[in-house]
Amino acid sequence: MRSVEEQQAKVAAAAVAPRPVRVAIAESQGLMCAEEVVTERPMPGFDQAAIDGYAVRSVDVLGVGSDSEDGGEVSLPVMGVIEAGARTPSRLQPRQAARVQTGAPMPTLADAVLPLRWTDGGENRVRVLRGVRSGAYVRRTGDDVQPGDVAVRAGTIIGPAQVGLLAAVGRDKVLVHPRPRLSVMCVGGELVDVSRTPGTGQVYDVNSYALAAAGRDAGAEVNRVGIISTDPRELRETVEGQVNRNEIVVIAGAVGGAAAESVRTVLSELGDMEVARIAMHPGSVQGFGQLGRDRVPVFLLPANPVSALVVFEIMVRPLIRLSLGKRQPMRRIVQARTLSPITSMPGRKGYLRGQLMRDQDTGEYLVQALGGAPGASTHLLATLAEANCLVIVPADVEEVRTGETVDVAFLAQRG
């Protein structure tokens with residue numbers, strides 16, 4: 001039986017980022033930048049007022065409002081109003097002021113902005129209540145970025161700040177590593193789509209919907225194929241087509257029973273496929289291989305929805321995150337104190353459902369087991385929906401008592 005870590009290493013070795021593409025900056029959020037974005041112009045591109053006020057020469061108001069003997073009041077004529085976006089150059093004469101809006105270009109000779117609260121707010125003439133130093137409340141040309149500076153580096157995950165910076169330096173498109181394309185399908189003669197009413201012996205196709213959602217949550221571009229035929233010719237055509245147009249393929253329901261055996265026989269014609277028993281639960285039996293001319297990673301997951309989702313979380317999600325260029329592909333792990341006993345299968349690493357909470361007084365993490373209490377089933381989808389974490393139980397631990405500390409993978413929701 002192979003360990004979880006050995007299987008994860010095998011999967012991670014197959015990670016390949018899709019070829020970079022150029023996209024609009026509005027579509028780049030969450031993707032990894034694939035180029036060094038070098039600034040061609042300074043930012044700001046001109047000296048501009050940082051606040052609403054009066055543009056002045058600092059020498060004309062020096063010492064006003066101070067305790068020194070020469071710190072008396074000063075009154076300056078207002079030459080006009082300069083609005084943000086003004087394109088006509090203006091020039092300030094000695095002992096003059098100009099009313100300016102935030103972002104307005106500074107008039108020539110002005111080297112500071114007097115805040116409105118330091119004046120009487122006059123329109124034709126302004127009384128200065130307090131002086132300013134040279135450069136006060138002025139954004140100088142190139143204060144943020146100089147020509148030749150790197151605005152966004154290759155390998156950076158583009159977030160709101162990077163999108164804003166790209167817009168600020170005049171870039172409408174950027175080269176990124178795109179989201180890996182993930183195809184999700186399932187097999188099983190008992191399955192019907194949710195648009196139909198199941199007959200005797202039939203059940204709804206849960207896996208293709210749940211796994212497609214898990215793929216989107218991980219950051220992939222998902223194609224939900226749904227239920228596919230197990231006829232050898234049709235199956236080969238379907239899988240081959242999906243392998244040729246996606247970076248990752250997931251097939252649920254292909255690791256148990258005679259039908260699964262026939263599926264694996266067909267897949268082996270397209271490349272290397274191995275079904276192995278991994279020392280984990282749920283989802284011990286699972287398959288992984290690389291099919292097609294591009295050796296695309298293909299996963300075979302259990303038919304049980306809970307097992308399929310757990311295997312996806314532990315094996316498929318990290319591969320998606322690696323393909324996106326994430327430095328840390330695994331979920332955040334915290335330590336929490338158990339509020340109830342947990343049992344786990346000996347010799348297998350347990351990934352059991354739980355609700356993670358935090359003590360408001362002590363800040364300590366607490367976890368309530370949902371699927372690992374003595375006698376509880378590990379295959380209840382309803383409890384997985386209630387869970388916000390997976391409790392990780394080492395392979396050599398059979399029981400965790402109430403009050404003991406365990407590792408917990410926090411299943412954070414994406415906003």
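**Salt bridges and a surface patch**

Author: Start with Tyr204, which is found in strand 15 (residues 203-204). The model is a predicted one. Tyr204 is partly exposed, with a relative accessible area of 39%. Tyr204 belongs to a nonpolar patch on the surface, together with Val194 and Tyr209. The accessible area of these three residues together is about 270 Å².

Now the salt bridges. A search of the whole structure finds 18 of them. Three pairs are taken up here, one by one.

Take Glu35 and Arg171. They form a salt bridge, and their closest N and O atoms are 2.8 Å apart. Glu35 sits in the loop between strand 2 (32-33) and strand 3 (37-38). Arg171 sits in the loop between helix 2 (160-168) and strand 12 (173-177). The pair therefore ties together parts that are 136 residues apart in sequence. How covered are the two partners? Glu35 has 15% relative accessibility, so Glu35 counts as buried, the cut-off being under 20%. Arg171, at 22%, counts as partly exposed. This pair also has a further partner: Arg22, Glu35 and Arg171 are linked in a network of salt bridges.

Next come Arg140 and Asp47. Their salt bridge has its closest N and O atoms 3.1 Å apart. Arg140 lies in the loop between strand 10 (138-139) and strand 11 (150-152). Asp47 lies in the loop between strand 3 and strand 4 (48-49). So this pair ties together parts that are 93 residues apart in sequence. Arg140 counts as partly exposed, at 28% relative accessibility. Asp47 counts as partly exposed too, at 27%.

The last pair is Glu247 and Arg181. In this salt bridge the closest N and O atoms are 2.5 Å apart. Glu247 is in the loop between helix 4 (232-245) and strand 17 (248-252). Arg181 is in strand 13 (residues 181-186). Glu247 counts as buried, with 16% relative accessibility. Arg181, at 35%, counts as partly exposed.

Glu247 is buried, whereas Arg181 is partly exposed. With Arg140 and Asp47, the former is partly exposed, and so is the latter.

Note on methods:
Residues numbered from 1 in each chain as written. Predicted model: local features only at pLDDT ≥ 70, side-chain atom pairs only at ≥ 80, totals over all residues. Heavy atoms only, no water. Patch = residues over 30% accessible without salt bridge, like charges linked within 9 Å, V, L, I, M, F, W, Y side chains within 5 Å. Areas by Shrake-Rupley, 256 points an atom, 1.4 Å probe, with all protein chains shown as cover. Salt bridge = Lys/Arg side-chain N within 4 Å of Asp/Glu carboxyl O. Helix = DSSP H or I, 4+ residues; strand = E, 2+ residues; numbered from the N terminus. Buried < 20%, exposed > 50% of the residue type's maximum accessible area, 1.4 Å probe, protein only.
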